[in-house]
Amino acid sequence: MINVSGVSHHFGELPVLAGVDLELGEHRIGFIGANGSGKSTLARTFNGLLVPDSGEVTVGGISVRRNATLARRHVGFIFSDADNQIIMPTVAEDVAIGLKRLHLPADEVASRVATALDRAGLSAHADHSPHLLSGGQKQMLALAAVLITEPHILICDEPTTLLDLHNVAIFQKTLRELDQQVILMTHHLEVLGDFDRVIVMEQGAVYFDGAPSDAVESYRELIARRPVAGGGFTARSVR
Amino acid sequence: MISLYAAGTSFLHRAPAVAKFLVLFVVLALVFLQENLYVIGAVAAIALVLFGISGLGLRRAFRAIRPVLPVVVLILVVQGIFYSFERGTVLSSRLLTAVLLAGLLTYSTRTTEILDLVYRTLGPFRRLGANPWQASLALSLTITSIPVVSASVRASREAYLARGEKASIPGVVVPVAVRLIRSSEAIGDAISARGLEEDPRTVGNGPAVLGPVVDDETRCIHYHSDVDVVAIKFKCCGDYYPCHACHEETAGHPIELWPTAEQGTPGILCGVCKSELPIDEYMRGDECPRCGALFNPGCRLHSHLYFQTAS
């Protein structure tokens, strides 16, 4: 359970979160909204990557502001660019490093890593460099590296942005099978069909909060009302 | 690159990293103290044989020495002109042999093992302010980042070519540097998000404890004296909380008591040593039977809130 209470934040003079109050207890929750609406900023407050100017976020009752390290043990985080999540030179080592703090025997680490790689479909790449994997495989590696630490909650900040449709489907299926609470920030609206709750963010605040189909409709209407700026390109201007 | 490690099951792969480092150190010292070209040549030959029988192959041996070949030629030429050709041969042979030996180590040893070795070796220097965990993590990131840097250089050059311009060195270096700085911020975030920024030795282990915990020994906002160092696994959800009030405020469901018949199962976490203790064992004493940490005897007054009791 994540509790967000009166969370506000500014980047310089620009307000990016404006008094967000949420109780996030459902199994799978989606966040949608235009670029700059505050989805990613809010996601980063859930595990202390960003400490908001005001307000409080608690994870399972733990204050993220007071004890981010402890909160992060409960919250796994997947970023949109999997390349930036790679820390170790081989796939197996990148997954295994998450188990460091558990001080497990080497054979137990090897067994857990093998299971995680198998679930991610990466067993054949255990000793390969992560940078040789495809975009979809890298994101599955990021997922395996996070899930091996058995977090209670998984935050995914636009994890499918750089993936093709096939890999989006694989990622979606994997998320669906997880026991953990999943909170997904996304622009792929079709992924949210079977979610329990979808929240639309607009200008740093909650614009709509409800069932997936209603939320998506609300978001489409919101975007349709927005004027399209910019003159576009003409053949002459390109020349 | 990419990992230097080449998977295998040979004796060289199985040997402990520390043993390989020690042997490398001793043999390198021998090679660099040695003036006899035959002895240096014999060590190089042994290294090549090891490449062969460990399954690494001679191609990898060549790949290891390829980057230093221009340096070898330079040494030969400079020493040949200003000193003697024999001297140049000895110096360049030492270099080639050293690189071959180092190649054997890096190709047969996982980066994790090397990092563990660095971590353990730097351990005694903690009291001098050294941070072994950050040092080993930095080493790993350096190795891992090499392909990222080369991909960034390639992308920058291609961006110039796509616009019909020739890439100048400053024109490539500046955008690459900017991109790497941005990327390093994102990698820093990922390290934090994965809980890897702190030394695992100093970060508590054991199962997660939920609720408004205030430290790493399971104290919470309700009970936080010196001896409040146990967490209780709740029968209803299987999660550890420091106390009934934490569960009540956080879990969102009522407490289910542990039946008497199940009180032999591990359900108590010692916040000090992180041992999971059987409930009945915990109930028999006021200290951790594993590490001797004192528990709060007053907790006994609340046992009916967690466990079915005779009364």
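Predicted model: local features only at pLDDT ≥ 70, side-chain atom pairs only at ≥ 80, totals over all residues.
Trainee: Let's begin with the packing. Which residues have the most contacts inside the largest nonpolar core?

Mentor: In soluble globular proteins, nonpolar side chains tend to be buried together. In this model the largest nonpolar core has 43 residues. Those with the most contacts inside it are Ile32(A), Ile78(A), Val95(A), Val113(A), Leu117(A), Leu154(A) and Leu175(A).

Trainee: Which helix gives the largest share of this core?

Mentor: Several elements of chain A supply at least two residues each, among them helix H3 (91-96), helix H4 (106-119) and strand E7 (153-157). The largest share is seven residues, and it comes from H5(A).

Trainee: Thanks! Now for Val95(A): leaving aside its neighbours within four places in sequence, what is it in contact with?

Mentor: Val95(A) is one of the residues with the most contacts inside the largest core. Leaving aside neighbours within four places in sequence, its contacts are Val113(A), Ala116(A), Leu117(A), Leu141(A), Ala144(A), Ala145(A) and Ile148(A).

Trainee: And how many residues are in the second, separate core?

Mentor: Its members include Phe46(A), Leu49(A) and Ile199(A), along with Ala231(B). The size of this second core is 35 residues.

Trainee: On to H6(A). How far apart are its end C-alpha atoms?

Mentor: H6(A) has twelve residues, and at 1.5 Å a residue they should span 16 Å. The model agrees with that expectation, as the end C-alpha atoms of H6(A) are apart by 16 Å.

Trainee: Which residues of H6(A) are exposed on the other side from the buried ones?

Mentor: Asn167(A), Val168(A), Phe171(A), Gln172(A), Thr174(A) and Leu175(A) are buried in H6(A). They cover an arc of only 160° around the axis, so they sit on the same side of H6(A). That buried set packs against strand E3 (28-32), strand E6 (75-78), H5, E7 and E8 of chain A. On the other side of H6(A), the exposed residues are Leu165(A) and His166(A).

Trainee: Is Glu158(A) buried or exposed?

Mentor: Glu158(A) is found in the loop between E7 and H6 of chain A, and has a positive phi of about 50° although it is not a glycine. Most residues other than glycine have a negative phi. The relative accessibility of Glu158(A) is 14%, so this residue counts as buried.

Trainee: What about Gln203(A), buried or exposed?

Mentor: Gln203(A) lies in the loop between E9 and strand E10 (205-210) of chain A, and its phi is positive too, near 50°. The relative accessible area of Gln203(A) is 65%, so this residue is exposed.

Trainee: Which residue takes a positive phi in the hairpin of E4(A) and E5(A)?

Mentor: Strand E4 (residues 54-59) of chain A is joined by two bridges to strand E5 (residues 62-63) of chain A, and the two run antiparallel. Thr58(A) has Ser63(A) as its bridge partner. The hairpin has two residues between the strands, and the positive phi, near 55°, belongs to Gly60(A).

Trainee: Lastly, chain B. Within what arc do the buried residues of H4(B) fall?

Mentor: The buried residues in helix H4 (residues 58-65) of chain B are Ala61(B), Ala64(B) and Ile65(B). Seen down the axis, they line one face of H4(B), because they fall within an arc of 90°.

Notes:
Residues numbered from 1 in each chain as written. Chains lettered and ligands numbered in written order. Heavy atoms only, no water. Buried < 20%, exposed > 50% of the residue type's maximum accessible area, 1.4 Å probe, protein only. Helix = DSSP H or I, 4+ residues; strand = E, 2+ residues; numbered from the N terminus. Arc of directions from axis to C-beta. Pairing = 2+ DSSP bridges. Core = buried A, V, L, I, M, F, W, Y, C linked by side-chain atoms within 4.5 Å. Contact = heavy atoms within 4.5 Å. Expected span 1.5 Å × (residues − 1).
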